[in-house]
Amino acid sequence: MEVGSGPVGIGEFWSRPFVGCDISFPYPPRKPMQPVICSAENLPFQDRSFDAVVASDVMEHVPPTKRNQVVSEIFRVTRKVVIIGYPCGPSAWALDQNLHRHYQSRKIPPPTWLEEHMLSPFPDENLFLDVPREWKKKIISNESLGFHYWMMRTEIHRVWDYSFRLALRIAPGLVRWFLGRANDEPCYRKIFVFTHK
């Protein structure tokens, strides 16, 4: 199951059926997703319904007062593996504030996701203090701050954005290698992988 899947979610990479949950779907969800409209604060599933639950770039969009409830619900419905990744901590939030100012200085409307990032500080590693001890945690750094800022600024420029997307289609392996080299500290995003002991 994916929390905050949007209409595509992990279906871009995963070919087998999965449940995708979101508060709304702006356009019809793409197969193999089985869409469910719901709030992550109150997932409409029984305890331990899924082997694995993913929440990618969701927690920064959840109001701080509701984040612990969302984490609690994710662990409630999961049997084996939880993967939660998000822009992590004050340095990542400060970087996105700079990016937001950059959009404004160029008189370009910031993307919706960036506008939402401005609403409240990002969660940090303390989000998981109440996770039960039977879950083993691994942390993966994802995108150095400098690389993330460079990538986001290139998206503003159509030629650079088009060039990157073209490279992704022509030489995906090379692009993946290049992106993998950018996973350095200090990082923009952290991916938390929990496995049930």
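Where in the chain is the place of Arg 133? Arg 133 sits in the loop between H3 and strand S6 (135-144), where helices (H or I, at least four residues) and strands (E, at least two) are DSSP runs numbered from the N terminus. With a relative accessibility of 77%, Arg 133 counts as exposed; exposed means over 50% relative accessible area, buried under 20%, and partly exposed in between, using a 1.4 Å probe and protein chains only. Arg 133 and Lys 197 are 64 residues apart along the chain, and their C-alpha atoms are separated by 8.8 Å.

The structure is a predicted model, in which local features need pLDDT of at least 70 and side-chain atom pairs count only at pLDDT 80 or more, while totals for chains, interfaces and linings use all residues. Residues are numbered from 1 along each chain as its sequence is written, and side-chain values use heavy atoms, with hydrogens and water left out.

Turning to the overall fold, the protein has six helices and seven strands. Read from the N terminus, these elements follow the order β-β-β-β-α-β-α-α-β-α-α-α-β. The radius of gyration is 17 Å, close to the 16 Å that the globule rule gives for 197 residues, so the protein is as compact as a globular protein of that length. Here the radius is taken over C-alpha atoms, and the rule is 2.2 Å times the number of residues to the power 0.38. The C-alpha trace spans about 50 × 35 × 30 Å along its principal axes. Of the 197 residues, 41% are buried. Among contacts (heavy atoms within 4.5 Å) with a separation of 6 or more, 72% join residues 24 or more positions apart.

Buried positions in H2 include Trp 93, Leu 95, Asp 96, Leu 99 and Tyr 103. The buried residues of this helix pack against strand S5 (78-87), helix H3 (112-117), helix H4 (145-156) and strand S7 (187-196). After H2 comes Lys 107, with a positive phi near 60°.

His 148 is buried, at 3% relative accessible area. Leaving out residues up to four places away in sequence, His 148 touches Leu 95, Asp 96, Glu 143 and Tyr 188. Phe 75, in helix H1 (residues 67-76), is also a buried residue, with 9% relative accessibility. From Phe 75 to Ser 163 the distance is 40 Å, C-alpha to C-alpha, across 88 residues of sequence.

Finally, the second largest pocket holds about 210 Å³ of space. On a 1 Å grid over the protein atoms alone, a pocket is an open set of points where a 1.4 Å probe fits, with protein on both sides within 12 Å along at least five of seven lines, and lining residues have an atom within 4 Å of a point. Its lining includes Met 1, Trp 14, Phe 18, Phe 50 and Asp 51. Strand S4 (residues 50-56) gives the most to this lining, with four residues.

How values were computed. Points joined across faces, edges and corners; volume = space filled by probe spheres on them.
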